[in-house]
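Please keep the sequence and the structure in view while reading.

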Amino acid sequence: MSQIQIPRGTQDILPGEIELWQYIEAKAKDICRRYNYHEIRTPIFEHTDLFQRGVGDTTDIVQKEMYTFEDRGKRSITLRPEGTAAVVRSFVEKKLYGNTNQPTKLFYTGPMFRYERPQSGRMRQFVQFGVEALGSDDPAIDAEVLALVMSIYYELGLKDIKLVINSLGDKQSREAHRQALINHFKPSIQEFCEDCQGRLEKNPLRILDCKKDREHPLMATAPSILDYLNEESKAYFEKVKGFLDQIGIRYEVDPTLVRGLDYYNHTAFEVMAEGEGFGAITTLCGGGRYNGLVEEIGGPATPGIGFAFSIERLIMALKAKKLELPFEQKVDCYLVSLGEQAKDKTVELLYQLRAAGVSADKDYLDKKMKAQFKAADRLKASYTAILGDDELANNRINVKNMETGEQVEITLDSFIDHMKQQIEGGHA
Ligand code: HAM
């Protein structure tokens, strides 16, 4: 029979590798706890309209990359390409804005889907970890969100990274900039790709994000948003930068940073990997403020800001820097048996150990004693317990501490309690 292969742009994460994922997720969740952000889980699929409205009709994500299908009830359904629109949908639908604790500070993690051309760091299914803070337009919360994401990288040991920020301004500033962009590109728009021609009137900011026309000379001379910020937007951006300076988070301002999604205004940012070991993709994380999105999704006017990064790209960065994280997978106790009756008895002992909170395992392949010891070594067992038919008959069992080599013989009746004490003592 021919083999069936994994779909392009997806991956299996196997034992041995998953521990790194779990470590990263646990670290990110712990930092969210310290910042008082709470987890939210939304469905993996949503109505297609949500992303058309939320992410924006003229974006690459909506135009080219969504996994959209009709379900059996003839509804158009899309596998989520990102998390923000869904979180905002839930915020509106579940009226989270009515809770007494505001702003609403949320985090999420889970698979996202984009039909992109796969390459290193660009998958069709990838796992994002993201944060959204809804209900405050205090520039201090922009700084908080940025501090949160940088803490995740720093605490995982990634120091060679750069925070790049920009301001996209408020509605009025964006409108002035939009008009300037139209004036700039219009006379030569025929030289641009078809997508850009379509974007000119609808959303000229998207032209700056075009992958095909990146090298066109008019790109480099395009009007900068920073020249079109009104006083309020300028003051807001200054405040955000001031807070970052105050808490000691370094950043660079890049006026060409526009982001690939439509919902942003004011603060927009990316975290980039620096140094050797990276391919074409150096953006580790993206985010920004989206003060109009909640209204766009049908809720009351509510400001918001957030970010998301993929764990795949974070792991790429850790590997490029050859960073080893401190985790070890091992079992507390491996049961070695000699003889038929002893082997049968281990079934019960194993169950009791596990029920007592001790991680334990035994052989299931009828291996000789020597091979059982080898298995214990491979699993890095802290203890091996050796039970032969003779010991069983005398209500005894041998317990060996694999680190010190010390071996004790105890009564079988006291075995579970003994192991429990050893492990609890060791963990304490
Ligand atoms: P985004 O820039 O589209 O923003 O994606 C955020 C991050 O997701 C990227 O920086 C990258 O780490 C990861 N990512 C995106 N596409 C892929 C892919 N094909 N393969 C691997 N990783 C990928 C958003 O998704 C916004 N929702 C972020 C946000 C949250 N803005 C405000 N709140």
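This is a predicted model: local features need pLDDT of at least 70, side-chain atom pairs count only at pLDDT 80 or more; totals for chains, interfaces and linings use all residues.

**The ligand shell and the strands**

The largest share of the shell around the ligand, six residues, is contributed by β10.

In total, 28 residues surround the ligand, and the closest are Glu82, Thr84, Glu116, Tyr264 and Leu284. By class, the residues of the shell divide into twelve nonpolar, nine polar and seven charged. At least two residues of the shell come from each of the strands β6 (125-134), β10 (283-289) and β11 (304-310).

For Gly306, a backbone N or O atom lies 3.5 Å from a nitrogen atom of the ligand. Taken alone, the ligand exposes 660 Å², of which the protein buries 96%.

The strands that supply the shell can next be placed in their sheet. β6, β11 and β10 follow one another in an open sheet of eight strands, whose order is β1-β5-β6-β11-β10-β9-β7-β8 and whose pairing is mixed. Its edge strands, β1 (38-39) and β8 (252-253), each pair on one side only. Within this order, strand β7 (residues 161-167) pairs with strand β9 (residues 265-273) in the antiparallel sense over seven bridges. Across this pairing, Ile165 stands opposite Phe269 in β9.

How many residues of strand β14 (residues 383-388) are buried? Six of its six residues are buried, and the strand is thus described as mostly covered. In a regular strand, the side chains alternate between the two faces of the sheet. In β14, Tyr383, Ala385 and Leu387 point one way, while Thr384, Ile386 and Gly388 point the other way, and all are buried.

β14 has pairing partners of both senses. Strand β12 (residues 333-338) runs parallel to β14 and is joined to it by six bridges; here Cys333 has Tyr383 in β14 as its bridge partner. Strand β15 (residues 396-401) runs antiparallel to β14, with four bridges between them. In that pairing, Ala385 stands opposite Val399 in β15. Tyr383 and Ala385, named in these two pairings, both belong to the set that points one way from β14.

Definitions and conventions: Residues are numbered from 1 along each chain as its sequence is written. Side-chain values use heavy atoms; hydrogens and water are left out. A residue is near a molecule or strand if one of its heavy atoms lies within 4 Å of it. A polar contact is a pair of N or O atoms within 3.5 Å; within protein, one must be able to donate a hydrogen and the other to accept it, and residues adjacent in sequence count only if both atoms are side-chain atoms. Accessible areas come from the Shrake-Rupley method with a 1.4 Å probe; for residues, only the protein chains shown count as cover. Ala, Val, Leu, Ile, Met, Phe, Trp, Tyr, Cys and Pro count as nonpolar, Asp, Glu, Lys and Arg as charged, and the others, Gly among them, as polar. Buried means under 20% relative accessible area, exposed over 50%, partly exposed in between (1.4 Å probe, protein chains only). Two strands pair if DSSP finds at least two bridges between them.
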